[in-house]
Protein chains: 2
Amino acid sequence: MSAERLDVKKNVLSANDLLAAESRQRLIGQGVFAVNLISSPGSGKTTLLERTIDMMKPDLRLAVVAGDVQTRRDAERLEQHGVPVEAIETGGGCHLDARQVARSLESLRLDAMDLLFIENVGNLVCPSSFDLGESLKVVLMSVTEGEDKPLKYPAAFRRASAFVLTKVDLLPHLEFSTEAAIGNAKSVNPELTVFSTSSFTGEGLGAWAGWLSDQVSRCKRSGAGAGT
Amino acid sequence: MSAERLDVKKNVLSANDLLAAESRQRLIGQGVFAVNLISSPGSGKTTLLERTIDMMKPDLRLAVVAGDVQTRRDAERLEQHGVPVEAIETGGGCHLDARQVARSLESLRLDAMDLLFIENVGNLVCPSSFDLGESLKVVLMSVTEGEDKPLKYPAAFRRASAFVLTKVDLLPHLEFSTEAAIGNAKSVNPELTVFSTSSFTGEGLGAWAGWLSDQVSRCKRSGAGAGT
C-alpha cells in the first residue's frame with residue numbers, strides 16, 4: 001500500500017473513531033446497550049436476530065440498525081417482529097461505518113430503547129476494523145463454515161466479546177468439530193464468551209438472550225452511575 | 001466518501017487493472033486458462049478445488065494461487081493433491097490484488113500449466129472489484145447461506161461467468177429453494193452458467209470439471225490463434 005493511501009486510510013479511520021466515540025457517548029448516556037453483529041454472508045445473523053427479538057421483546061425495548069450491500073430485505077424481515085428498524089444500504093460498501101450508524105440513530109428514539117442491535121454487512125474481514133459506537137462486538141459463524149475460520153479471519157474474533165456458533169442443528173450431517181472450532185476461536189481470543197445455537201431448534205438461544213440481558217442491566221447501572 | 005479518497009481509490013484500481021492486463025496477456029500467451037474463485041468464507045472453495053484437482057489432474061496440468069487473510073492452511077491442503085500451489089497471505093487484506101497474483105506467477109511455471117485456479121480471500125464483497133488477470137470469475141455459494149445472497153451481494157454474481165452452488169447434499173436438512181437461489185442469481189446475471197454441486201457426494205462435479213475442460217480447450221485454440 002502506498003504512503004499516500006495509508007495516510008488517507010488513517011484519516012478515514014480516525015474520523016470514523018471520533019464519530020463512533022460520539023455515538024457511544026450518546027448511547028451510554030441514554031442507557032442503551034449496543035451490539036455490533038459481524039459474520040460472513042449467510043451465517044444466520046438475521047434469523048438469530050428474529051428469534052432473539054421474539055424472546056426478549058416482552059422484557060426489553062429493542063431496536064435494530066440493519067446494514068446490507070444492496071436491498072432492504074433484512075430490515076423488512078426484522079420489521080415484521082414489531083421493533084423499530086433502520087436500514088442502511090451501503091451501495092457496494094463492504095462494511096458499516098460510524099457516520100452511517102450515527103445518521104440512523106437520529107431516526108431512532110434512544111430514550112425508548114434498552115438494547116440496539118447493529119447488524120453489519122455480511123463480511124468477516126472489513127467490518128471488524130470499523131468502530132460504530134457499539135458497546136461490544138459479537139462474531140457469528142455457522143457450523144457449515146469449517147472449524148478453521150477463526151484462525152483464517154482472526155481480527156473479527158479478536159475484537160469480539162462473544163462468539164455465537166450458529167446452525168448447530170446441522171451438526172449430525174457435517175464433518176465439523178465444535179470443540180476444535182471453539183478451541184481455534186479461544187486461541188485467538190481467550191476472553192470470548194461462546195454460545196452454541198440453533199435458530200431452527202432454539203438450542204442455546206436462552207443462554208444467549210440471558211447473557212444479553214445481563215449486559216443491558218450492567219449498562220443501565222453504569223449509565224445511571226455516569227448520570228449522578 | 002470524500003473526493004480525495006475517491007481519487008486515491010480510482011488510482012489504486014487503475015494501477016491494479018494495468019497489472020492485471022499484463023498478467024492476462026502472459027497467461028493467455030502461454031495458453032493458460034485462469035479462474036478467479038470468489039465466495040464467502042466457508043462456502044467450500046478449497047474443498048471444491050481439492051475434488052476438482054483430483055478429477056482433472058490426469059488430463060490437465062493444474063496449479064493454484066491460494067489467498068488467505070491469515071495462515072497458509074488452504075495452500076497446505078491443496079499441496080497434498082500434488083499440484084504446484086503458491087500461497088498469498090494478505091495479512092488483513094480483504095481481497096487479492098493484481099500485484100500479489102503477478103508476483104505469484106513469477107514462482108510458477110506457466111509453460112507447464114493448462115489451468116490456474118486463483119482462490120480468492122473468503123469475502124463476497126471486495127474481491128469482485130479487483131481484476132487479477134483471470135480469464136473469468138466463478139462465484140460460489142453454499143445452500144446454507146440462503147437464497148437471497150445473489151440479490152444482497154450482486155456484484156460478485158454480475159461479474160462471474162459461472163455460479164457454483166455448493167453443499168447440495170445438505171438440502172434435505174434445510175429450508176432452501178435451489179430454484180429461487182438460481183432465479184435470484186439469473187436475475188442479476190442472465191448469462192451465468194450454473195452448477196449444483198456437492199463435494200461430499202460428488203454430485204455435479206463432473207459437469208463442473210467438464211465445463212472447465214471446455215474453457216481450457218477454447219483458451220488453447222485462441223492462444224494458438226494469437227500466436228500465428
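This is a predicted model: local features need pLDDT of at least 70, side-chain atom pairs count only at pLDDT 80 or more; totals for chains, interfaces and linings use all residues.
**Figure 1**

**Figure 2. Overall fold of chain A.** Chain A contains 8 helices and 7 strands. Its radius of gyration is 17 Å, close to the 17 Å given by the globule rule for 228 residues, so chain A is as compact as a globular protein of that length. Along the principal axes, the C-alpha atoms of chain A fill a box of roughly 50 × 50 × 35 Å.

**Figure 3. Interior and surface of chain A.** Of the 228 residues in chain A, 55% count as buried. Among the contacts in chain A with a separation of 6 or more, 73% are between residues 24 or more positions apart. The accessible surface of chain A is about 9200 Å², and carbon and sulfur atoms account for 49% of that surface.

**Figure 4. Helix H2 of chain B.** This helix covers residues 45-56, which is 12 residues. From the first C-alpha to the last, H2 of chain B reaches 16 Å, close to the 16 Å expected at 1.5 Å a residue. Buried residues in H2(B) include B:Lys45, B:Thr46 and B:Glu50, along with B:Leu48, B:Leu49, B:Thr52, B:Ile53 and B:Met56.

**Figure 5. The ring pair B:Phe157 and B:Phe163.** Over all chains, the whole structure holds 8 aromatic pairs. In one of them, the ring centres of B:Phe157 and B:Phe163 are 5.3 Å apart and the planes lie at 75°, so the pair is edge-to-face. B:Phe157 has 0% relative accessibility and therefore counts as buried. B:Phe163 is buried too, with a relative accessible area of 0%.

**Figure 6. The ring pair B:Phe195 and B:Trp208.** These two residues form an edge-to-face aromatic pair, with 5.8 Å from centre to centre and 65° between the planes. The pair links distant parts of the chain: B:Phe195 belongs to strand S7 (residues 193-196) of chain B and B:Trp208 to helix H8 (residues 205-227) of chain B, 13 residues apart. Both B:Phe195 and B:Trp208 are buried.

**Figure 7. An aromatic cluster in chain A.** Here A:Phe195, A:Trp208 and A:Trp211 are joined into a cluster by ring pairs.

Notes:
Residues are numbered from 1 along each chain as its sequence is written. Chains are lettered from A and ligands numbered from 1 in the order in which they are written. Side-chain values use heavy atoms; hydrogens and water are left out. Helices (H or I, at least four residues) and strands (E, at least two) are DSSP runs, numbered from the N terminus. The expected span of a helix is 1.5 Å times one less than its number of residues. Buried means under 20% relative accessible area, exposed over 50%, partly exposed in between (1.4 Å probe, protein chains only). The radius of gyration is taken over C-alpha atoms; the globule rule is 2.2 Å times the number of residues to the power 0.38. Contact means heavy atoms within 4.5 Å. Accessible areas come from the Shrake-Rupley method with a 1.4 Å probe; for residues, only the protein chains shown count as cover. Rings of Phe, Tyr and Trp (its six-membered ring) pair if their centres lie within 6.5 Å; planes under 30 degrees apart count as stacked, over 60 as edge-to-face and the rest as tilted.
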